[in-house]
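This briefing concerns one protein structure and some of its local details. Please look at the structure below before reading the points that follow.

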Amino acid sequence: MKSITPEELTEQNGIPGTRTLIAVDGTVYDVSESKKWTRGLHMNRHHAGIDLTDALSAAPHGRDVLERFPVVGALSRPTGSDYQGTRAVVEAFLVRHPFFRRHPHPAIVHIPIGLLMTAPVLLFLSLATASARTEWAAVCCTIAGVVSIPAAIVTGYFSWWVNYECRESRIILAKRRLAWSSLIVGALTVGLRAFTHDPLMLEEFRAILYVVALTGLSLIVGVLGFLGGKLTFPYEERTATGPCRDDRSAGGDTTG
C-alpha cells in the first residue's frame, strides 16, 4: 500500500484541481465522489486533507461509511510520534470514552455565556420597572456565571491540548485572552455589586460602575461564544489555496 505523508495528504484537500482525501486510523480514503464532501468540506465542519480519526470517534456514524470509498494509501507517521507519559494515559481513556474528547468544553462554556448574557437584560429590565426582585435575579445570574468561568477555562485548555496539541491560531489566542479577561472583569463586577447599596440606584457611582462592568462582561462572553462558533463551524469563504488559515494552523481540526 502506498505511503502518504501528512504533507502530501494536506495538499489533497478538495480544492478544484486536487482530490479529496481524508485519513482515518492510518488509512487514507478518496472521498472525491461524495456529495457530502463538496469542495473538500463536510457538514460545514470537517476539512479534507487531514487526519479525521478523532473527529470520527465523536461523529454520529461509524467508520463503516468509509467502506464505499477507495483506499489510496496509508498515512505515514514520523518515528517517535506516539504519545507517552500522561498524554498516553489520557489518549487511552479518550479512546474508550470519546465523549470526553470534545463535549465537556462546549457543554460547560455555554453556562457562563448564557447566564452572563442574561444578567444585563434582567438588570436593565429591573431599572426600567424598579423591580428589586428582577435586579436580584440579575445578581444571581452574574454570580453563577462568574463562578462557572473557571470550569469553562479548564475544559477549554483540555480541549486545546487533546484536539489541537496546543497549536496556536488567531481564534484560539483570542479566546484564551478573552476567557481570562472575563474572569477578571467578572470578579470585579461581583465585587462592585457586593459593595453597592440595596436597592440599586444609579445615583451611586459604584452602581454605575457595576452596570458598565456587567455590560462589558456580557459583551466579552458574547464575543467568546461567537469565536467558539467560528472555530467549530468555519464559514469563511474557501479560497483557491484551501480552508481558512486559522483552522489549518490549529491542526486542521475544526470540530471545536
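In this predicted model, a polar atom of the side chain of Thr155 lies 3.0 Å from the backbone oxygen of Ala151. Thr155 itself belongs to helix α6, which covers residues 132-164.

**Surroundings of Thr155**
- Thr155 has a relative accessible area of 13%, and it therefore counts as buried, since the cut-off is under 20%.
- When neighbours within four places in sequence are left aside, Thr155 is in contact with Pro104, His105 and Ile108.
- An α-helix has 3.6 residues a turn, so residues three or four places apart point the same way.

**Helix α6**
- The 33 residues of α6 should span 48 Å at 1.5 Å a residue, and this agrees with the 46 Å between its end C-alpha atoms.
- Glu165 follows α6 and has a positive phi, near 55°.

**Strand pairing with β6**
- Strand β6 comprises residues 71-75 and runs parallel to strand β1 (residues 3-4), to which two bridges join it.
- Within this parallel pair, Ser3 stands opposite Ala74 in β6.
- Strand β3 (residues 27-30) runs antiparallel to β6, and three bridges join these strands.
- Within this antiparallel pair, Val28 stands opposite Gly73 in β6.
- In a regular strand the side chains alternate between the two faces of the sheet.

Technical notes. Residues numbered from 1 in each chain as written. Predicted model: local features only at pLDDT ≥ 70, side-chain atom pairs only at ≥ 80, totals over all residues. Heavy atoms only, no water. Helix = DSSP H or I, 4+ residues; strand = E, 2+ residues; numbered from the N terminus. Buried < 20%, exposed > 50% of the residue type's maximum accessible area, 1.4 Å probe, protein only. Polar contact = N/O pair within 3.5 Å; in protein donor to acceptor, adjacent residues only side chain to side chain. Contact = heavy atoms within 4.5 Å. Expected span 1.5 Å × (residues − 1). Pairing = 2+ DSSP bridges.
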